[in-house]
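Please open the model in a viewer and keep the selection tool at hand.

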Amino acid sequence: MLFSGIPFLYFFLPLTVLLYAIAPRKCKNAVLLLASMVFYAWGEKRLVFLFAATIFMGWLLGFPIEKFRGRALGKVFLWLSVLLDLGLLCYFKYADFFIANFNAAFSLSVPLLHIALPIGISFYVFQILSYTIDVYRGSVPAQKNLINFAAYVSLFPQLIAGPIVRYADVADQLQNRSHSLEGAAIGLRRFLLGLGKKVLLANVLGEVCTDFRRSTDGSVLFLWLYAVCFMMQVYFDFSGYSDMAIGLGKLFGFRFPENFNYPYISRSITEFWRRWHISLGSWFRDYVYIPLGGNRRGIARQLWNILIVWMLTGLWHGAAWNFVLWGLYFAVLLVIEKLGFKKVLDRHKALGHVYVLFAVLLGFVLFNAADLAQAGQDILGLFSFGRLPLVSTEALYALRSNGVVLLLAILGATPVPKKLAAKLSESKHGGRVFSVLEPIALTALLLVVTAYLVDGSFNPFLYFRF
């Protein structure tokens, strides 16, 4: 079930909000758990019991990990949790990848398993791992209430696409959170803005990318248009979904961490990854990079740790070599910056902006390729090394048809609209106008999105494959 879908917007969400509002305080987590399981089962009927079993095992292992913390037995139970969770992730997500590469390396023909990837597994496995690791570290106590723990892992606003919410972030909120009409209104506004980003920007730009892949009239212009549109699509798709998740969390009294902070205004790749998918970056930092030694064991070890973390980050995104190379590509750029290039970028801000946009664009071309051959063809084609024509009829048509949306997306990827809205709302007379126009504008936005969805238009979600 997609947040940007009619069943969710007009049936599931209103019914869940109603049941949650009338439920006694001590039953609210149970309502959220039930709703979350229905939400998950809607799109993953066969594997919902696996999801429930994974949650139960994470909860159960928390007790011996806490009881034997600081002793060898506690570490044994922690490693059991890590191996079970990562084993589950590797089996469902990477088994065929490993088999295919094993076959290629040794000229064998071991049959592939063709395993269906459970929705959201990359996100909920990381959430359970953060819980058991933090219990072992003593950062949080083991959760005694199974309903509360299951509600934390399965909470539908962030279940399928994040942000990756750590147990430590919401441990207190699971039992003590406040609700207010003002908070609900803020959450609803955030949700609707995210919905608009997803449906009216990401989906439209995604259609351009799909048209490019279907086209037989390729050109350098069409390749560049595709690359820029995908770069914007993936941002508005994922950041829009994160906005919706954070807004829904606010609706139910939760404060989820921010996941994006205008990454395309960055002046270095280091800064870019502090602004993009923040919850994933901080997860790898705290649970992989720092345990490996971080930057505490000399520059050589630090650079090696960066390469490991980014190879794993690439692999987290998908079981294919282009994802691994995508991660290593950014690792190399980060290493170059660590070795001194960032000082140059800090002195030349305009150069930094251009460098980041160009580097990220190439990275996303690699990211979105079906395989390495297509990635190489696309990247070479951007510079006409593949002897493509510079301009084509389809490219000009796509540019004319979607130029305005693309310009709006570029503007929306900067803080300018938010700053203008804040300035208007804080001014003496503008504040009154804004308070009247905002609910009207949000209602109009919902109606336009609904019309778009009822029309049966293009409505994928990129991060379902992760």
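Predicted model: local features only at pLDDT ≥ 70, side-chain atom pairs only at ≥ 80, totals over all residues.

Residues are numbered from 1 along each chain as its sequence is written, and side-chain values use heavy atoms, with hydrogens and water left out.

**Stop 1: the nonpolar core**

Select Phe 8, Phe 126, Phe 156, Tyr 264, Ile 269 and Phe 364. Of the 144 residues in the largest nonpolar core, these six touch the most other members. The largest share of this core, 17 residues, is supplied by α10. A nonpolar core is a set of buried Ala, Val, Leu, Ile, Met, Phe, Trp, Tyr and Cys residues joined through side-chain atoms within 4.5 Å. Buried means under 20% relative accessible area, exposed means over 50%, and partly exposed lies in between (1.4 Å probe, protein chains only). Helices (H or I, at least four residues) and strands (E, at least two) are DSSP runs, numbered from the N terminus. In soluble globular proteins, nonpolar side chains tend to be buried together.

Next, centre on Phe 364. Which residues does Phe 364 touch, not counting residues up to four places away in sequence? They are Phe 230, Met 231, Val 234, Tyr 264, Trp 276 and Trp 326, where contact means heavy atoms within 4.5 Å.

**Stop 2: aromatic pairs**

A search of the whole structure finds 61 aromatic pairs. Select Tyr 40 and Tyr 124, which form an edge-to-face pair, 6.4 Å centre to centre with 75° between the planes. Rings of Phe, Tyr and Trp (its six-membered ring) pair if their centres lie within 6.5 Å; planes under 30 degrees apart count as stacked, over 60 as edge-to-face and the rest as tilted. Tyr 40 belongs to helix α2 (residues 28-43) and Tyr 124 to helix α5 (residues 121-137), so the pair ties together parts that are 84 residues apart in sequence. Both Tyr 40 and Tyr 124 are buried.

Then select Tyr 264 and Phe 272, a stacked aromatic pair at 6.1 Å centre to centre and 25° between the planes. Tyr 264 is buried at 8% relative accessibility, and Phe 272 is buried with a relative accessible area of 1%.

**Stop 3: salt bridges**

Twelve salt bridges are found in a search of the whole structure. A salt bridge is a side-chain nitrogen of Lys or Arg within 4 Å of a carboxyl oxygen of Asp or Glu.

Select Arg 190 and Asp 243, whose side chains meet in a salt bridge at 3.0 Å, N to O. Arg 190 lies in helix α9 (residues 181-214) and Asp 243 in helix α10 (residues 220-251), so the two tie together parts that are 53 residues apart in sequence.

Move to Arg 275 and Glu 271, which form a salt bridge with their closest N and O atoms 3.0 Å apart. Both residues lie in helix α11 (residues 269-275), four residues apart, about one turn of the helix. Both Arg 275 and Glu 271 are buried.

**Stop 4: two buried helix residues**

Select Asn 305 in helix α13 (residues 299-317). Asn 305 is buried, with a relative accessible area of 0%. Leaving aside neighbours within four places in sequence, Asn 305 is in contact with Tyr 289, Leu 292, Gly 293 and Gly 294.

Now select Val 170 in helix α8 (residues 167-175), which counts as buried at 3% relative accessibility. Not counting residues up to four places away in sequence, Val 170 touches Tyr 152, Val 165, Phe 254 and Phe 256.

**Stop 5: a nonpolar surface patch**

Finally, select Phe 56, Met 57, Leu 60, Leu 80, Leu 84 and Leu 146, which make a nonpolar surface patch of about 460 Å². Patches are made of residues with over 30% relative accessible area and no salt bridge: like charges are joined within 9 Å, nonpolar side chains (Val, Leu, Ile, Met, Phe, Trp, Tyr) within 5 Å. The largest share of the patch, three residues, comes from α3. Leu 84 lies in helix α4 and is partly exposed, with a relative accessible area of 40%.

Technical notes
Areas by Shrake-Rupley, 256 points an atom, 1.4 Å probe, with all protein chains shown as cover.
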